[in-house]
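This report concerns the structure displayed below.

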Amino acid sequence: MKVYFRKNLLFWVTMVVLIFFFILSARGMPTNEWVITLLRGLSVGSVTFLVASGFSLIFGLLDVLNLAHGTLFMIGAYIGWTVYVRPDTFVDLIPLVAFLFSSFLLSGLWIELGKRLPMNRWTRILPWVGILLAAGLLLLVLPRFPVTGWDLQVYSQTPGTYAFMADQGLLVLPAAKSFESSPVLVLGGILMASMLGAFGISLFKRSKVLTAGRLNWRQFAVFIIVLGVGLIIFVANDALTNFLTGINTTWLFLIAILVATLSGVGLGALMESTLIRPLYSRPIYQLMLTLGLSAVGIEVVRAIWGRTEFIMPKPALFSGTGEGCPATSLGAWLQHQCSTFLLFDGRVRVYNEIFIPLVGVLVLVAVWILLKRSRLGMIIRAGVQDRGMVEALGINVRRVFSLVFALGVGLAALGGVLAAPSMGLSNVMGESLFLNALIALAIGGLTSYPGAALGSLLVGLIQQVIIKYGAIGIPIPFTDIIFKPTPPLVPASTVLLMVIVLLILPNGLLGKKE
Amino acid sequence: MDYLLEVQGIHTFIGQYHILQGVDVCVPRKSITAILGRNGAGKTTTLKSILGLTPPTQGRVIFDGREIHGMRSFDIASLGIGFVPENRAIFRDLSVEENLKIAERRKGDYARKQEMIFTLFPDLNRLIALSGNNLSGGQQQMLAIARALVADNRLLLIDEPSEGLAPVLIESLMEAIRKLSAEATIVLVEQNFLVASQLAEFYIIIEEGRSVIDGKMSDLVNDHDAIHRYLGAA
C-alpha cells in the first residue's frame with residue numbers, strides 16, 4: 001500500500017488539487033446550481049467518454065489513430081435519428097442492406113471458387129471485371145428500389161421539418177413508394193451484384209491465400225438467415241412500419257440506440273477489414289486514410305441528410321411536461337414521465353442530466369467487465385503490450401483487431417445516438433466532440449481505459465463549471481472586478497487543464513510510463 | 001533420423017538487413033538441441049523465423065512433416081510450438097494466473113496442466129494472484145516457460161533462459177528444462193556455453209547468419225578448436 005502511494009504520489013497530489021479546485025468552485029454557487037453543473041459535467045463527460053474509450057481501445061491494441069472517430073460518432077447520431085423519426089425509411093432500407101452485404105458473408109465459397117480458376121493473363125483481370133459488372137448492375141437496379149425518404153429540396157419534406165413535426169407529435173409519414181418494375185428482378189439484381197462484387201474482391205487476394213479455403217457451412221447458414229430476414233422484412237414492410245410508428249417512442253428510441261450501435265459495429269468491421277488492414281505497417285498512410293474518411297463521411301452525411309441542423313425529439317419517457325411535473329420523487333417521475341426533475345429545488349433535465357450519465361456509467365462498467373473478466377479482454381490487455389507474443393501463443397490477433405475496431409466504432413455510434421436528443425444533429429457535431437475526446441485522452445493517458453473515463457469526466461466538469469461561471473462571474477480578490485469567462489474560454493480551459501496535467505505527468509494521469 | 005523440425009536454408013530480412021543467409025537446423029524428436037553462436041549471429045532471428053514472427057523469404061521450414069513457412073504465426077504456433085522469448089514477454093497487466101490462462105488453446109488446458117506446471121515450478125503457485133509487473137527476473141523466466149507448457153506443445157523454442165539470472169536460479173531452471181525434455185522436444189538458444197553443454201544433446205553453431213557446424217554436444221565439448229573459433233574463449 002505504502003509502495004503504491006509512493007509510486008503514484010504525483011497522481012494523487014494532482015487529483016487532490018483538482019478536487020480542491022472543484023470544491024472551491026462549487027462553494028461559489030448555491031447547492032442546486034452546483035449539483036446541476038456537476039450533472040451536466042457528468043453528461044458531457046459520458047458522451048466524451050464513449051468516443052474517447054473506443055478511440056483509446058483501438059489505438060492501444062491496433063496502434064491506429066482513427067481520426068474518423070468523430071465522424072463515426074456523428075453517423076451514429078444520424079442513423080439513430082432516421083430509425084427514430086422515420087421508421088418507414090429504416091424498414092425500407094433493411095432488405096436493401098441485407099441483400100447488398102449477404103454475399104460478402106460467403107468468403108469461404110468465393111476463395112474456393114477462385115482457386116479452381118486457372119491463373120493466366122485473362123483471369124488476372126477477372127476481379128476488375130467482377131467489380132465493374134457489380135457496379136454497373138447496381139447503377140441499373142438501385143434507382144428502381146424505392147425507399148420512402150425525405151426531399152432536401154422541398155422544405156415541407158426536409159429532415160428538419162419531419163423532426164419538428166415529430167417533436168410536436170404531428171408527424172405524418174409520406175405514402176410509401178411502390179415498385180415500378182418487378183420487385184423480384186430488382187432484388188435479384190441486387191443479390192447478383194453483391195455476389196459479383198464479393199467474388200471480385202476475393203479474387204484480388206487469390207495469390208496470397210496459402211491455407212486451404214474451407215467451404216464453411218456456418219457461413220452458408222448465416223447467409224441464408226440474412227437473406228431470409230431481408231426477404232421477410234421486405235414482404236412485411238407495411239406491417240413493420242405500422243408497428244414501429246404505433247409503439248411508444250421510448251421503445252422506438254431503444255430500437256434506434258440498438259440499430260445505431262450495431263450499424264457502428266458493422267461499419268467498423270467493414271472499415272477495418274477493407275481499408276485499415278492493408279495499412280497496418282504504414283502508420284502515415286493510416287493517418288491520411290482516416291483523416292480522408294472523416295471528410296468523406298461528413299460529405300456523405302451532408303448529401304443524405306442535408307447541411308441544416310435539426311433536432312431529435314426526446315422519447316416519451318423523458319418528455320412529459322403536464323400535470324405533476326417537474327417530478328419531485330422517483331415514483332412521481334415514473335408516473336408522469338416528466339422531462340424535468342426537482343433536485344434541491346433546481347430543475348434537472350432527466351434525459352440530459354440523469355439518463356446520459358447513467359448510460360455512460362453502465363457502458364463504463366460493462367466494458368470494464370469485458371476487459372477484466374473475459375478471455376477477449378485478457379487478449380486485448382496482453383495485445384496492447386506485446387502483439388507478437390500473443391500471436392506466438394497461437395491466438396489469431398487479427399481477428400481480435402477486427403473485433404476491437406468494431407467495438408470501438410460501435411461505442412462512438414452509441415455516443416452519437418445518445419447525444420442526439422440533447423445536442424441536436426449537425427454536420428460538425430463530431431469534430432468538436434472528437435477534439436474533446438482527444439484532450440480527455442491526453443489528460444487521462446492515451447491507452448488507459450480508466451484514464452479515458454477520468455479524463456472525460458474532468459473535461460466535462462471543467463467545461464460546465466466555466467460555462468456556469470460565465471453567468472455568475474468570479475469576483476477577483478482585492479479588487480471590485482467581477483470576471484466573467486467568455487464562451488471561447490470553455491474549450492480553452494480544457495486545453496489549459498491538459499497542458500498543466502501533462503507538465504506534471506507527461507503520460508497523463510493514469511498513463512503507463514513507456 | 002526422425003526429425004521433428006527441419007529448417008532448410010532459410011534467409012530472413014529484418015528491414016533492409018539480411019540477417020539470416022542460409023540457416024539449416026535439424027531437431028531430432030525428444031531431444032534438446034542448442035543453437036550456439038556469438039552475439040548478433042542470428043540465433044534469436046532463427047527462432048523467430050521458425051515461428052513466422054520474422055517470416056523467412058527463402059528456404060523451407062518443416063514441422064512434423066508439414067511445410068510451415070509462409071503460414072501466419074498463430075497458425076504455426078497452433079500446430080504445437082511453444083515460444084519462450086529472450087525478453088520473457090510476460091504480460092504486465094495480467095496476473096500470473098491470467099498469463100497462464102491466455103496460453104490456452106483449448107478450453108480447460110490450464111486446469112489440465114496446472115498440476116504438472118506447479119510441480120515443475122512450485123514457486124509460481126504462491127505468486128498466482130500477483131500481477132505480471134511485480135515478478136523478479138527468475139520468476140518471469142519460470143512463468144514464461146510455464147506459459148509455453150499450458151497448451152499441448154510438442155516443440156519448445158526457448159531463447160536465452162539463463163540470461164540475467166543468479167547461478168542458483170540457473171541451476172533449478174536447468175533441472176526443470178531437463179525434466180521437460182522427457183515430454184517435449186526443445187530447441188535452446190544459449191549464450192552460456194556451460195549451461196548449453198550440460199543440457200543439450202545436439203548443437204548447431206550459427207555464425208554471421210549461416211549455420212556452420214552441427215553435431216553431437218559430446219563431440220563439441222572436446223573440440224576445443226571449434227569452441228575457440230566459433231564461440232570465442234570458453
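This is a predicted model: local features need pLDDT of at least 70, side-chain atom pairs count only at pLDDT 80 or more; totals for chains, interfaces and linings use all residues.

**The contact between the chains**

Chain A contributes 17 residues to the contact, and chain B contributes 22 residues. On the side of chain B that touches chain A, helix 2 (73-78) and helix 3 (96-101) of chain B each supply at least two residues. Helix 2 of chain B gives the most to this side, with five residues. By class, the residues on this side of chain B comprise 13 nonpolar, three polar and six charged.

**The nonpolar cores**

In soluble globular proteins, nonpolar side chains tend to be buried together.

| Core | Residues in core | Members include |
|---|---|---|
| Largest nonpolar core | 179 residues | Ala77(A), Val404(A), Ile443(A), Leu157(B), Leu188(B) |
| Second, separate core | 18 residues | Phe99(A), Leu106(A), Val186(A), Ala193(A) |

Beyond its neighbours within four places in sequence, Leu188(B) is in contact with residues including Ile32(B), Ile158(B) and Leu199(B).

**A pair of helices in chain A**

The axes of helix 6 (residues 107-116) and helix 10 (residues 183-204) of chain A come within 9 Å and cross at roughly 60°. Helix 6 of chain A is therefore oblique to helix 10 of chain A, and their crossing is right-handed. Among the residues that meet are Trp110(A) and Ile111(A) in helix 6 of chain A, and Phe199(A) and Leu203(A) in helix 10 of chain A. The residues of this contact divide into six nonpolar, three polar and no charged.

Technical notes:
Residues are numbered from 1 along each chain as its sequence is written. Chains are lettered from A and ligands numbered from 1 in the order in which they are written. Two residues are in contact if their C-beta atoms, placed from the backbone, lie within 7 Å. Helices (H or I, at least four residues) and strands (E, at least two) are DSSP runs, numbered from the N terminus. Ala, Val, Leu, Ile, Met, Phe, Trp, Tyr, Cys and Pro count as nonpolar, Asp, Glu, Lys and Arg as charged, and the others, Gly among them, as polar. A nonpolar core is a set of buried Ala, Val, Leu, Ile, Met, Phe, Trp, Tyr and Cys residues joined through C-beta atoms within 7 Å. A residue is buried if 20 or more other C-beta atoms lie within 10 Å of its own, exposed if 12 or fewer, and partly exposed in between; C-beta atoms are placed from the backbone. Axes are lines fitted to C-alpha atoms, for helices over the stretch in contact, and angles run from 0 to 180 degrees between N-to-C directions. Angles under 35 degrees count as roughly parallel, over 145 as roughly antiparallel, 65 to 115 as roughly perpendicular and the rest as oblique. A crossing is left-handed if the near helix is turned anticlockwise from the far one by less than a right angle, and right-handed if clockwise.
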